[in-house]
Each structure stands twice: as C-alpha cells, then as structure tokens.
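Please examine the sequence and the structure before reading each solution.

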Amino acid sequence: MNKNNSLIFSSEKGGAGKTAILGNVAAFTSYRDDSTVLVVDGDVTNQSTTKQLLPSLKNDKINELEQKGMFLSTEKLLMGLFDETLSAESAFSRLSQKAIPRSSLPVQSLFVLPSKGRTRFGHNLNPNAILEPMNKLNGALLDVFDHLFYDTEATSNVLKEILVAMDSTELVSIVTPENLDVEMDMLAKYENDSAIVRGIILNNVFEENISEQLTKIYDSGFPLISLIPFDMQMILATHRRALVVGDGSNVDYALRVASLNLTQQRKLDEKQIKAMFSNAESVYDTFASSTLELKRKQITSNSSNGDEKKTTLPGNPFSFISKLMNTKVSGRT
Ligand SMILES: Nc1ncnc2c1ncn2[C@@H]1O[C@H](COP(=O)(O)OP(=O)(O)O)[C@@H](O)[C@H]1O
Ligand SMILES: [Mg+2]
C-alpha cells in the first residue's frame, strides 16, 4: 500500500521543460535510493525522451526487436491494445524488465519504454476502449518498478487522455512563467475530471518578478514541488543529450529537490522558495537529511554477466554521467 503512483509529466505548451526535467529527475531518483525506474516515452511525435536516455537506440533496432516479440514501443503498445492483438497480460510479459532497454547511466536501474516518433493517433480512437487494460498494465508495472514516469507531448491526444483518466496516476505540471495561467486553468479542469494533481514544477524562472507567479500558485492550492531557474547549462545539456543533475549548480539542486519532493509527497514552503535562488543546495540538504537512503555512498550496478557489482562513486556522483550517456541497449538475447 505504500506504493507510489505513476507520475505524468504534463504541460499544455511545448518547450516547457517536461522532457529535460523528467530525464534528470528519473536518473537522480534511481541513483538516490537504488530504485528501479521506468520512463515511458509518451511523446510519440518527438520521441525526445528516447533520444535523451537511449541515444544509440535507432528505430530500425526497435522495429527489429519488436518483430521478434522482444519489446514494445509506446505506439505498438497502444495500437496493440486498441486492435486487441495485445492484452494487458501479453503486453506486461513483453515488458518484463529484461525486454525494456536499459539506460547505461551509472544508476541502479533506469529503464525506458521507447517511442518511434512521428506518430499521430487517430482522433477516432476512444480512450475508454483501452482504459481497463492500461490500468491493469500500469498496476502490474508498479509492482515491478519502484517509480514510473510518463513523458507526454503538449498536444492533447488519446494517450494523454488515457493517462490522466487512469487509476494510480498523478499529474506533475511543468509550468513556465509565460504560460502559468493556461496551465493552472488546465489543472483545475483535470482535477474537476477527478485526476490527481501531484503538483507544479515552476521552470525557467528568473528571480525578478516571481512574487506574482508564486501568489497565483499559492492561491490555486496546488503544491509547489520545485522551482527551477533558467540556466544555459540546461540547454547545452539537452543539446548534448546529457544531464545536468550532479553538476553542483543551482539547477542541479533544484532538480534533486524535485526528485525528493515528487517521490516523498512533499512541497516547498515559503522560506525554502526564497532560498532556491540563493542556495538550492541548502534546501536540498534539508529534505535529504531526513532521508536515510541518501546517506548511502554506494550504488549497485549489474554487470553484463548478471553478477552484482558494487561501485563506489567518485565525490560527485554524476560528474561522469555525460560520458556514459552513449547508452548501450541491452535487450534479451
Ligand atoms: N530551466 C531551464 N533553463 C534553460 N533552458 C531550459 C530549462 N528547462 C528546459 N530548458 C530547455 O528548453 C528546451 C525545451 O525543453 P523540453 O524539455 O524539450 O520541453 P518539453 O518536453 O516540455 O517540450 C530544451 O532545449 C531544454 O534544454
Ligand atoms: Mg518533451
């Protein structure tokens, strides 16, 4: 019963930072408590999460492995459920951990269900038709993975409608100052439709003029999970398909705070919000000090022969992450 719900990273506007934040938060969450994390690339137009976390996985390879029945892309999963060539059970058995490509980040287990991109789901597809198998599948995945994150695309589509309507999912709204009003209206609407809103991550923030934005968020009653400054490093990292978490910057700590608060049902209080600009590290430390698992200095990584190997991390756990981002795909052999 202490299971986390799946988290849907959502925004109505593209370019808000969903994918960039999700990749960093997922990697850090897995690192932080040695947990198994599954990221589902639900942006079937852009496949940005797939490109970020599995840069060496090409569509040819996905097609080849899919044909052999080894794993599924988001598109194939969804269409298979619609046309009933797949059931929740058969999809789940394909999505056993071994069949999902695994990121070679130096974290315990970060898995990605890839998208092939350039897909448009037909407007005639009725979300309710596969709500039940999607619920079943999500529930089964939550038994296997400690954390489950769904990336989505900004444009509303049948997949997003299903995710929002599912049991055991919660919305994480990625909001930027320019589209705060639009996003908050949407959140209120989602909540009206009985979706659970986990909270807001305010991204691309400049310290000036923030008080009005914060007042709006307070008034809405939605929890503020983290506040992420605008930082060129984020753009550069995205460009290089690398992560910024671990670089010791304020953005890094803001992302760590997001990871902790998302998975531990916490939020920023007023005092912490101010400190996020001057010293995000101290805010992170406050949350982290109450979290035992963070004191661990070791991570476990599975070597290819299946043996468990203990790796001691260098002082900065993520300093070498970008080099390792050239991910190997380990499908079932
Ligand atoms: N805090 C930030 N500071 C600067 N650039 C950011 C920040 N967050 C995201 N970006 C950049 O904005 C662009 C769009 O982000 P992305 O995560 O792809 O948005 P989305 O998935 O919501 O469409 C990327 O180049 C990303 O690096
Ligand atoms: Mg995206």
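Predicted model: local features only at pLDDT ≥ 70, side-chain atom pairs only at ≥ 80, totals over all residues.

Residues are numbered from 1 along each chain as its sequence is written, chains are lettered from A and ligands numbered from 1 in the order in which they are written, and side-chain values use heavy atoms, with hydrogens and water left out.

**Exercise 1.** Describe how helix α11 packs with helix α13 and with helix α12.

*Solution.* 
Step 1. Helices (H or I, at least four residues) are DSSP runs numbered from the N terminus. Axes are lines fitted to C-alpha atoms over the stretch in contact, and angles run from 0 to 180 degrees between N-to-C directions.

Step 2. Helix α11 spans residues 250–263 and helix α13 residues 280–289; their axes lie 8 Å apart at an angle of about 25°. The two helices are therefore roughly parallel (angles under 35 degrees count as such).

Step 3. Contact means heavy atoms within 4.5 Å. On the α11 side, the residues that meet α13 include Tyr253, Val257 and Leu260; on the α13 side, they include Val283, Tyr284 and Phe287. By class, this contact has nine nonpolar, two polar and two charged residues (Ala, Val, Leu, Ile, Met, Phe, Trp, Tyr, Cys and Pro count as nonpolar, Asp, Glu, Lys and Arg as charged, and the others, Gly among them, as polar).

Step 4. With α12 (residues 270–278), α11 packs at about 145°, the axes being 9 Å apart. Asn250, Ala254 and Val257 of α11 meet Met276, Phe277 and Ser278 of α12. This contact of α11 with α12 has four nonpolar, two polar and no charged residues.

**Exercise 2.** Determine how α1 is oriented against α11.

*Solution.* 
Step 1. Helix α1 (residues 18–33) packs with α11 at an angle of about 70°, with their axes 9 Å apart.

Step 2. These two helices are therefore roughly perpendicular (65 to 115 degrees).

Step 3. In α1, the contact involves Ile21, Asn24, Val25, Phe28, Thr29 and Arg32; among its partners in α11 are Leu255, Ala258 and Leu262.

**Exercise 3.** Which residues come nearest to ligand 1, and which side chains make polar contacts with ligand 1?

*Solution.* 
Step 1. Of the 16 residues around ligand 1 (a heavy atom within 4 Å), Gly15, Lys18, Ala20, Asn203 and Thr238 come nearest.

Step 2. A polar contact is a pair of N or O atoms within 3.5 Å; within protein, one must be able to donate a hydrogen and the other to accept it, and residues adjacent in sequence count only if both atoms are side-chain atoms.

Step 3. Oxygen atoms of ligand 1 lie 2.8 Å from a polar side-chain atom of Lys18 and 2.5 Å from a side-chain N or O atom of Thr238. A nitrogen atom of ligand 1 is 3.3 Å from a side-chain N or O atom of Asn204.

Definitions and conventions:
Parallel < 35°, antiparallel > 145°, perpendicular 65-115°, else oblique.
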